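Trainee: Could you walk me through this structure, one question at a time?
Mentor: Gladly; here it is.

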Amino acid sequence: MFDFSIITEWLNNLLNSFLPGWLTTTIECVLIGVGLLLVYALLALFYIYYERKLCAAFQCRLGPDRVGPWGLLQSFADMFKMLIKELISLNHVDKFLFALAPYLVIIASMLAFAVLPWGNGLQIIDFNIGIFFLIAVSSIGVLGILLAGWSSNNKFTLIGALRSGAQMVSYELSVGLSVLTMVVFAGSMSIGDIVQAQDHLWFLFSGHIPAIIAFIIYLIAGTAETNRGPFDLPEAESELTAGYHTEYSGIHFGFFYLAEYLNLFIVSGTAALLFLGGWMPFHIPGWESFNHIMDYIPGVIWFIGKAIALSFVIIWFKWTYPRLRIDQLLSLEWKYLLPINLFNLVLMVLIVVYGIHL
Amino acid sequence: MLLLDIFGIQNNALLALVALLTGVALVALALWLAGLISPRSFNPQKGEAYECGIPTRGGSMTRFSVGYYLFAILFLMFDVETVFLFPWGVRVRELGGDGLISIAVFFGILVLGLVYAWRKGALEWK
């Protein structure tokens, strides 16, 4: 399989040959930052287009089709529209917190985004506690949403933010526990190790029954984490106008919009790396020739393909299930998902420790 | 792990800092750009809260349902539990049966906590 570190090492050696060390590091850091920014923005734009087209297909509409071929430039047009909208200065908000909230939301998604493995050697941050880092930084986003709702000094935003806070912290437990189940199986928290361990067979297939349960729970909890689908009551437009970002205008609102779509990608990307082998191709043990053909498809395509396929499922949820009430939402998490998850963890531990095969 | 070698930078904290600064730069750049090209108009009505058209009555940073607080406390309990379980989860294979027994006590107490909260009705939304 192609290893991307060849390119980066070549560039590194080239820069090192005529520049001092500190300058090389700085240039490389800037390059990484610019690359990250470009991929982040382009992916968000793609996701906006993807979601709108999919929603249209689910409702037997055409969706955006006027701007560019098949409406491909629609999200660029949307972005420019947001940039040229007025940033209304409100006189009742807490100015500092109001300005801080989008930073927190974007930083949380950017950090989580940088952890995802895109391909062999194409991963920016690889802590040895990578997956734990991912959960930790993605929970900063809750803080941003709570701050946005509170500082807006508006009743709708306050209710939206509190609902969102209650929902996101509750479902974070399920995310954490199902990730923990897979960490127990993989025996490592490093994302590189987790992906390498799925060389022969993805965890969804090799992890027995607990992995399948953890996958389903992760998808449900991930949908709730991103405030989407049937769990979109923080921004239930019929009750709360727009929830926590009611008071934000122009590009200020755009940041929340951007982060929301990126979080969708992060959730499906994390599911892909934990259960569907990240950038690893699909292998069936014993089918050597089939495995060789699969190896020809580059890892980046595998990863993006898996993430987009899982995003499709999450968007599908939205058009299949009606919105939950807050009491239903919290009882689903605390009375069903959490006990099932704890039981599932015990099951996985027993399988790992005593080598039971289900 | 050789996998990481993006440009041979081994320091993950530095890379995390780069990602963080990229996030800050994205927001700051977009805000700056929007500040340059977006129109400005001044109207005292615009600064009002977007609520219902008539002037807002009462403060909005007020008291809210205690239910949210209850769930935050419950979350804290279980999230800390998950954090404690993570290091043990990595070493499950090596620790074997002994590790299982010692974690079972910890796990049992937390499950008891959940059962207690459930029986007390803390999980009911009121």
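Trainee: At what angle do the axes of helix 4 (residues 95-115) of chain A and helix 6 (residues 140-151) of chain A cross?
Mentor: First, a caution: this is a predicted model, where local features need pLDDT of at least 70 and side-chain atom pairs count only at pLDDT 80 or more, while totals for chains, interfaces and linings use all residues. Residues are numbered from 1 along each chain as its sequence is written, and chains are lettered from A and ligands numbered from 1 in the order in which they are written. Helices are DSSP runs (H or I, at least four residues) numbered from the N terminus, and axes are lines fitted to C-alpha atoms over the stretch in contact, with angles from 0 to 180 degrees between N-to-C directions. The axes of helix 4 and helix 6 of chain A come within 8 Å, and they cross at roughly 160°.

Trainee: Are helix 4 of chain A and helix 6 of chain A roughly parallel or roughly antiparallel?
Mentor: Angles under 35 degrees count as roughly parallel, over 145 as roughly antiparallel, 65 to 115 as roughly perpendicular and the rest as oblique. The crossing of helix 4 with helix 6 of chain A is left-handed (the near helix is turned anticlockwise from the far one by less than a right angle). With the axes crossing at roughly 160°, helix 4 and helix 6 of chain A are therefore roughly antiparallel.

Trainee: How many charged residues are in the contact of helix 4 of chain A with helix 6 of chain A?
Mentor: Two residues are in contact if their C-beta atoms, placed from the backbone, lie within 7 Å. Among those that meet are A:Leu97, A:Phe98 and A:Leu104 from helix 4 of chain A, and A:Ile140, A:Leu143 and A:Trp150 from helix 6 of chain A. For the classes, Ala, Val, Leu, Ile, Met, Phe, Trp, Tyr, Cys and Pro count as nonpolar, Asp, Glu, Lys and Arg as charged, and the others, Gly among them, as polar. The contact of helix 4 with helix 6 of chain A has 14 nonpolar and four polar residues, and the charged count is no residues.

Trainee: How does helix 4 of chain A lie against helix 5 (residues 130-138) of chain A, roughly parallel or roughly antiparallel?
Mentor: The axes of helix 4 and helix 5 of chain A come within 8 Å and cross at roughly 165°, in a left-handed crossing. Residues that meet there include A:Ala108 and A:Leu111 of helix 4 and A:Phe133 and A:Leu134 of helix 5, and the contact has seven nonpolar, two polar and no charged residues. Given the angle, helix 4 and helix 5 of chain A are therefore roughly antiparallel.

Trainee: What is the angle between helix 2 of chain A and helix 12 of chain A?
Mentor: Among the residues that meet are A:Tyr40 and A:Leu43 of helix 2 and A:Leu258 and A:Tyr261 of helix 12. This contact divides into ten nonpolar, no polar and no charged residues. The axes of helix 2 and helix 12 of chain A are 9 Å apart, and the helices pack at an angle of about 90°.

Trainee: Is A:Ser268 buried or exposed?
Mentor: A residue is buried if 20 or more other C-beta atoms lie within 10 Å of its own, exposed if 12 or fewer, and partly exposed in between, with C-beta atoms placed from the backbone. A:Ser268 lies in helix 12 of chain A and touches A:Ala307, A:Leu310, A:Ser311 and A:Ile314, not counting residues up to four places away in sequence. Because 25 other C-beta atoms lie within 10 Å, A:Ser268 is buried.

Trainee: Which residues does A:His252 contact, leaving aside its neighbours within four places in sequence?
Mentor: A:His252 is found in helix 12 of chain A. A:His252 is buried, with 23 other C-beta atoms within 10 Å. Beyond those sequence neighbours, A:His252 is in contact with A:Leu87 and A:Pro102.

Trainee: Is A:Cys60 buried or exposed?
Mentor: A:Cys60 is found in the loop between helix 2 (21-58) and helix 3 (74-83) of chain A. Phi of A:Cys60 is near 60°, a positive value in a residue other than glycine. Because A:Cys60 has 6 C-beta neighbours inside 10 Å, A:Cys60 counts as exposed.

Trainee: Which helix of chain B gives the largest share of the side that touches chain A?
Mentor: The contact takes 58 residues from chain B and 76 residues from chain A. Helix 1 (12-37), helix 2 (66-90) and helix 3 (92-120) of chain B each supply at least two residues of the chain B side. The largest share, 18 residues, comes from helix 1 of chain B.
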